[in-house]
Amino acid sequence: MTDTPVEPLTEEEQAQLLALQQQQAMVDWQEAEANRLAELDHVNTILSAMGGTEAVTDAISGLQSLLDSDGFPEEDRVRVRRILSILNLDAGHYVNRAAGLAIALPMPGADGI
């Protein structure tokens with residue numbers, strides 16, 4: 001088998017290739033953006049069922065304040081710690097996820113690529 005030299009692309013072919021690459025990048029971006037927005041909608045539905053992001057963060061702060069206060073019965077502290085742990089772990093996950101998903105993906109070519 002012999003190696004056949006590959007002809008370099010003409011300027012027209014290079015321009016066509018670049019246009020196709022840009023078109024594919026835009027299609028990929030649109031798909032990724034649609035997926036991001038769908039996931040954000042899903043996460044916001046969950047947060048909405050909990051009263052919204054602000055309600056979740058307020059609940060976490062309020063419960064933490066209770067734990068930090070004096071004269072709070074130990075039996076209640078145990079329960080509040082458990083609730084706070086769940087809120088921090090699970091509800092906090094959705095709050096953080098929503099914050100990350102709220103940032104749009106950069107459009108192809110927006111940064112010179």
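This is a predicted model: local features need pLDDT of at least 70, side-chain atom pairs count only at pLDDT 80 or more; totals for chains, interfaces and linings use all residues.
Arg79 and Glu75 form a salt bridge, and their closest N and O atoms lie 3.1 Å apart. The two residues are four places apart in helix 3, so about one helical turn separates them.

Glu75 reaches 55%, and a residue is called exposed when the value is over 50%, so Glu75 is exposed.

Next comes Glu74, which belongs to helix 3, a helix covering residues 74–101. Glu74 has a salt bridge of its own: its partner is Arg81, with 3.4 Å between the closest N and O atoms. The side chains of Glu74 and Arg81 are also joined by a polar contact of 3.4 Å. Glu74 is partly exposed, with a relative accessible area of 49%. Arg81 is partly exposed as well, at 41% relative accessibility.

How far apart are the C-alpha atoms of Glu74 and Tyr94? They are separated by 29 Å, while along the chain the two residues are 20 residues apart.

How many salt bridges does the structure hold? There are four. Side chains of opposite charge can pair when their charged atoms come close. One more example is the bridge between Glu33 and Arg36, where the N to O distance is 2.8 Å. Both residues sit in helix 1 (residues 11–49), three residues apart, or about one turn of the helix.

Glu33 has a value of 9%, so Glu33 is buried. Arg36 has a value of 10%, so Arg36 is buried too.

Leaving aside residues up to four places away in sequence, Arg36 touches Leu101, Ala102, Ile103, Ala104 and Leu105.

## Where helix 1 meets helix 3

Two packed helices are described by the angle between their axes and the distance between the axes. For helix 1 and helix 3, the angle is about 145° and the axes are 9 Å apart. Their crossing is left-handed.

Which residues take part in this meeting of helix 1 and helix 3? Helix 1 contributes Arg36, Glu39, Leu40, Val43, Asn44, Ile46 and Leu47. On the side of helix 3 we find Ala91, Tyr94, Val95, Arg97, Ala98 and Leu101. Sorted by class, the contact has nine nonpolar, one polar and three charged residues.

## A look at helix 2

Thr53 takes us to helix 2, which covers residues 53–68. With a relative accessibility of 35%, Thr53 counts as partly exposed. Not counting residues up to four places away in sequence, Thr53 touches Leu47 and Val95.

Now compare Thr53 with Gln14, a residue 39 places away along the chain. The C-alpha atoms of Thr53 and Gln14 are separated by 49 Å.

Note on methods: Residues are numbered from 1 along each chain as its sequence is written. Side-chain values use heavy atoms; hydrogens and water are left out. Buried means under 20% relative accessible area, exposed over 50%, partly exposed in between (1.4 Å probe, protein chains only). A polar contact is a pair of N or O atoms within 3.5 Å; within protein, one must be able to donate a hydrogen and the other to accept it, and residues adjacent in sequence count only if both atoms are side-chain atoms. A salt bridge is a side-chain nitrogen of Lys or Arg within 4 Å of a carboxyl oxygen of Asp or Glu. Contact means heavy atoms within 4.5 Å. Axes are lines fitted to C-alpha atoms, for helices over the stretch in contact, and angles run from 0 to 180 degrees between N-to-C directions. A crossing is left-handed if the near helix is turned anticlockwise from the far one by less than a right angle, and right-handed if clockwise. Ala, Val, Leu, Ile, Met, Phe, Trp, Tyr, Cys and Pro count as nonpolar, Asp, Glu, Lys and Arg as charged, and the others, Gly among them, as polar.
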